[in-house]
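Hi,

Here is the structure I promised to pass on. Have a look at it first, and then read my notes below.

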Amino acid sequence: MDLPSLLLCILVELLAVNCLDMAEERIVGGYAPVPHSIKYIVSLQTTDRQHICGGTLINKYWVITAAHCNIGVDKMMVVAGDYSLSIYEGTEQEILPQFLVPHPEHDALNNNNDIMLVKLRAPVYLNSYVSIALLPKQGASVAEGRMCRVSGWGYTSSSGGQIPSTLRTVKIPVVSTEKCNSTESFSGTITETMLCAGFSNGGKDACMGDSGGPLVCEGRLYGVVSWGRGCAEAGFPGVYTAVSKYRRWIDETISSYYGRCDNN
Ligand SMILES: *[C@@H]1O[C@H](CO)[C@@H](O)[C@H](O)[C@H]1NC(C)=O
């Protein structure tokens, strides 16, 4: 650690933040948010508590994540109200899914339609640690350059490292589809239902383990972490499922379930 970082660390230590965390990169290029300030995020885990993916609560019974996070309903557990995955904080709510609705046209080869709804067996309790994210309107778009927040418990660099135990977050700008789909970047592999975000020089990005998690712009869930090339590489922003293109599918899926005369 160099002198300026050391001095900054001493200052930060006074503010009771863990200095060691600063020396490492988490979500790539991000930082630890105030505990429990990002309340809509959930950790999707195996039933033996291995973190697999992120997700976002959109109401008490439903979570949005990526279709490529589908490990099977019997193997999955949803944890809301979490911050450190390795410490029991007393704020966690562990809920089993009742069923999964991956998008029927999800294509694992080109990552198209990488979105999945998870219906919970029991409602989450909304409290000061757990809340929901608002959805954008069908077809709404965010302008190039608008800053969005991506959060997760994913890798700190593309070379792997380890899943960080505390949540990380970073703000990145929206990149135009034109730029993202150009030959200098993803060369024609970006579809209408994808959204790109990241700095042209790279350095800040989501990474493995952040998949399925939220990209929030203008207070709404505009993106689901989907894919990329490495993590935080210059010229290759992160690629997200554009939630606004699925608003109708989301609403129809949820209401078709409630239309089936169940008691909740
Ligand atoms: C991306 O480029 C490919 C190849 O040029 C094109 O077929 C596709 O429609 C483009 N995607 C968008 C969203 O414009």
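Bear in mind that this is a predicted model. I started with the ligand, which has Thr177, Asn181, Gly188, Ile190, Thr191 and Glu192 around it. By class, that shell splits into 1 nonpolar, 4 polar and 1 charged residue. In the side chain of Asn181, an N or O atom sits 2.4 Å from an oxygen atom of the ligand. With Ile190 it's the backbone instead: one of its N or O atoms there is 2.8 Å from a ligand nitrogen. As for cover, the ligand exposes 360 Å² when taken alone, and the protein buries 43% of that.

Next, the cavities. How many come out at 30 Å³ or more? The count is 1 cavity. The volume of the largest cavity is about 40 Å³. If you want to find the spot, its lining consists of His36, Ile38, Lys39, Ile41, Gly81, Asp82, Tyr83, Tyr129 and Leu167. Sorted by class, those lining residues are 5 nonpolar, 2 polar and 2 charged.

Last, the disulfides. Searching the whole structure turns up 4 of them. The one I followed up links Cys53 and Cys69, with 2.0 Å from S to S. Which parts of the chain does this pair tie together? Cys53 belongs to strand β2 (residues 51–59), whereas Cys69 is in the loop between β3 (62–65) and β4 (76–80), so the bond connects parts 16 residues apart in sequence. As for its handedness, the torsion about the S-S bond of Cys53 and Cys69 is about -80 degrees, which means that this disulfide is left-handed.

That's what I have for now.

Cheers

Technical notes: Residues numbered from 1 in each chain as written. Predicted model: local features only at pLDDT ≥ 70, side-chain atom pairs only at ≥ 80, totals over all residues. Heavy atoms only, no water. Near = heavy atom within 4 Å. Polar contact = N/O pair within 3.5 Å; in protein donor to acceptor, adjacent residues only side chain to side chain. Areas by Shrake-Rupley, 256 points an atom, 1.4 Å probe, with all protein chains shown as cover. Nonpolar A, V, L, I, M, F, W, Y, C, P; charged D, E, K, R; others polar. 1 Å grid on protein atoms, 1.4 Å probe; cavity = no way out; pocket = protein on both sides within 12 Å on 5 of 7 lines; lining within 4 Å. Points joined across faces, edges and corners; volume = space filled by probe spheres on them. Disulfide = S-S within 2.5 Å. Helix = DSSP H or I, 4+ residues; strand = E, 2+ residues; numbered from the N terminus.
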